[in-house]
Amino acid sequence: MNGRVALILAAPDDLSSEVVGRELARRGCPVVAASAADLALARWFHAPDDASGTTVVLPDGRVLDDAAIGVVLNRLDGPDLPQFVQAPAVDRDYAVAEFSALLASWLNSLGAPVVNPVGGENTWAPALHPLGWHAVALQCGLAVGDFVVASTVRGGACAGLDRVGGSAWPRGSDVAGWYRSPLGGAALGWVWVFGDDCGAGVDESLAVGCRAFVRALGLHHAALGFVPGTTRNSGGPRLVEVETRPPLDDAAVAGRCADWLASLVLASEEGTS
């Protein structure tokens, strides 16, 4: 494989990106890595409605051309605009908003798969509230952990429960938060979903639900954490964690990810992605 490239967008110190990049290179897939700062300092010609698409010239002279990109592994977790470090806060906020819009427009206009695609309110990553993904998981046939939405924490109403998420839901309401029973010493069993691949050893009925769940979230890959079920829910595994930007530095996980990304690059070259 020596045609289109796998573009990895990540922070310079993202170990997962380094490991996956090496695995892709071993498979003969060309890799280009760029950080948020690289993109912010690049020269852009962005014309999503033009047949020529977008061209990005990175600070070191590397050129990103839409037609040469076979897949994007998007692990960016926030903006980095070095040219606005000394600017007033209002100017920095404006620059971040404009750059985020540019990045989203570019990634959403690519013909190649973007793994994972940029989110609606959060350009940098899919942002999922637990209440939302619990409902989606149930619709996809996955059992979930018990949870409560507390309107108040006065009087120790949520004593003994673990708080999940950093803000109230819905936005602007007086809901105190979302809580679940503590996991205690229960070890999580992880299912790593890469497209249709849920890994060897995963029960097919569980794999079907996992694949449907990840697709329903608008994602291409995720790591799903399960705890063993209880008698009340027939003993099946219960979904309690969803990682939309999971660590990929484990050798076996990185190898599976690289196999999948390389297949997407090949499909894009053949016009089947």
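Which residue in strand 13 is the bridge partner of Val 193? In this model, which is a predicted one, the partner is Ala 222.

Let me place that bridge in its setting. Strand 12 and strand 13 run antiparallel to one another and are joined over six bridges. Both belong to an open sheet of four strands, whose order is 8-14-13-12 and whose pairing is mixed. At its edges are strand 8, residues 143–144, and strand 12, residues 189–194, each of which pairs on one side only.

I turn now to the helices. Helix 5, formed by residues 204–216, lies across strands 12, 13 and 14, and it runs at about 130° to strand 13. Helix 6, residues 251–269, also packs on the sheet, where it touches strand 12 and strand 13. The direction of helix 6 makes about 20° with that of strand 12.

Finally, I would draw your attention to Pro 237. This residue sits in the loop that links strand 13, residues 221–227, to strand 14, residues 238–243. Leaving aside residues up to four places away in sequence, Pro 237 touches Ala 143, Leu 206, Phe 226, Val 227, Pro 228 and Gly 229.

Definitions and conventions. Residues are numbered from 1 along each chain as its sequence is written. This is a predicted model: local features need pLDDT of at least 70, side-chain atom pairs count only at pLDDT 80 or more; totals for chains, interfaces and linings use all residues. Side-chain values use heavy atoms; hydrogens and water are left out. Helices (H or I, at least four residues) and strands (E, at least two) are DSSP runs, numbered from the N terminus. Contact means heavy atoms within 4.5 Å. Two strands pair if DSSP finds at least two bridges between them. Axes are lines fitted to C-alpha atoms, for helices over the stretch in contact, and angles run from 0 to 180 degrees between N-to-C directions.
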